[in-house]
Structures are given as structure tokens and as C-alpha cells.
Amino acid sequence: MTLSLLGFVSTDGGGRTGTYTDANGTINLVMPFSSITPVTIYITVTRTTINGDYPSDGDDQIKANLISYFESLTLGDDVYIHRLYTPVNLVPGISDLEIIAGKTAGSQGSANIVIDPFELATLTEANITIA
């Protein structure tokens, strides 16, 4: 029997149910599922630049690169701080760099951020500080 998922994420018995349709179009299966819980991440990038080498839109490039990286993450992927350096270092003219992150602006640090199996780490431009 083939099932149509109708946009549901998983079947882990998470307290919610959804109705599934079989290959014949008959709605006859009720299955438990869990929804994705977004986890907002806050990042502060402290960088030292090389005069003349850092582009005028360098801060915007850093933000775009970090957001692009987060868009590649999947359900349950932890946020590894060391992996955040690569998208930032794609911008030329950076001579020194420190990155801290956290689930709140006040909890940022250098430790990796654990994401639970049904959570998805998300990042917006508003939650990135460049210093």
C-alpha cells in the first residue's frame, strides 16, 4: 500500500494525528506525527579586516553566507560553531575572526548548539550581529 504524506513530517506518536490517503484515494489511515519545531539561533561575528581588501558590502555578504549555510541544515542537525567559520571566511579581507552563537541573544558562546530530533535550527539577518 502506498501512502500520501500530505505534508506531515514524521510518525513518532507525538500526540498529534493526521489522516493519510492510500493509493486508491481512500482516506482510511490515521497516524500520529510530530511537527518541526524551529529553533531561532543568534550569532555574533567579531572580525578584524584588512584595509582595502574587505568589500564595502562585506557585512551583508557574511550575513547572506551564514543564512545560506543554515538553509542547508536539516531536521535535528546540531549547530557546530567551527562550521560557521567557513561561510564567513568566504568574504575576502578578514584577518581575524571570532564567532559565538546561542539559542538566545544572551546565551551566546563558543559551545556547539544541540538541536533535538524534531527541531530545525533557523537564522535570520536580524539575529546576526557583526562587530
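Analyst: Let's begin with valine 88, which sits in helix α2. Helices (DSSP runs of H or I, at least four residues) and strands (runs of E, at least two) are numbered from the N terminus. Keep in mind that this is a predicted model, where local features need pLDDT of at least 70 and side-chain atom pairs count only at pLDDT 80 or more, while totals for chains, interfaces and linings use all residues. Residues are numbered from 1 along each chain as its sequence is written, and side-chain values use heavy atoms, with hydrogens and water left out.

User: Is valine 88 buried or exposed?

Analyst: We go by relative accessible area: under 20% is buried, over 50% is exposed, and in between is partly exposed (1.4 Å probe, protein chains only). Valine 88 comes out at 0%, so it is buried.

User: Which residues does valine 88 touch?

Analyst: Contact means heavy atoms within 4.5 Å. Skipping residues up to four places away in sequence, valine 88 touches Val45, Ile62, Leu66, Ile94, Leu97 and Ile99.

User: What about leucine 84?

Analyst: Leucine 84 is in helix α2 too, and it is buried because its relative accessibility is 0%. Leaving aside neighbours within four places in sequence, leucine 84 contacts Ile43, Leu66, Tyr69, Phe70, Val79, Ile99 and Ala101. With Ala101, 17 residues away along the chain, the C-alpha separation is 9.5 Å.

User: Which residues have the most contacts inside the largest nonpolar core?

Analyst: First, the idea: a nonpolar core is a set of buried Ala, Val, Leu, Ile, Met, Phe, Trp, Tyr and Cys residues joined through side-chain atoms within 4.5 Å. Here the largest one has 26 residues, and Ile43, Phe70 and Leu84 have the most contacts inside it. The elements giving two or more residues are β5 (42–49), α1 (58–71), α2 (81–89), β6 (94–102) and β8 (128–130). Of these, α1 gives the most, with five residues. For a close-up, take isoleucine 43: beyond four places in sequence, its contacts include Leu66, Phe70, Leu84, Ile99, Leu123 and Ile128.

User: How do I read two packed helices?

Analyst: You describe them by the angle between their axes and the distance between the axes. The axes are lines fitted to C-alpha atoms, for helices over the stretch in contact, and angles run from 0 to 180 degrees between N-to-C directions. In this model α1 and α2 pack at about 135°, with axes 8 Å apart. That makes α1 oblique to α2; angles under 35 degrees would be roughly parallel, over 145 roughly antiparallel, 65 to 115 roughly perpendicular, and the rest are oblique.

User: Which residues of α1 and α2 make the contact?

Analyst: From α1 you have Ile62, Asn65, Leu66, Tyr69 and Phe70, and from α2 Arg83, Leu84, Pro87 and Val88.

User: Where does tyrosine 80 lie, and is it buried or partly exposed?

Analyst: Tyrosine 80 is in the loop between α1 and α2, and its 28% relative accessibility makes it partly exposed. Its C-alpha is 8.6 Å from that of valine 114, 34 residues away along the chain.

User: Now a strand residue, please: what does threonine 49 touch?

Analyst: Threonine 49 belongs to β5 and is partly exposed at 28%. Not counting residues up to four places away, it touches Tyr54, Gly93, Ile94 and Ser95.

User: How many helices and strands does the protein chain have?

Analyst: Two helices and eight strands, in the order β-β-β-β-β-α-α-β-β-β. Buried residues make up 32% of the chain's 131 residues.
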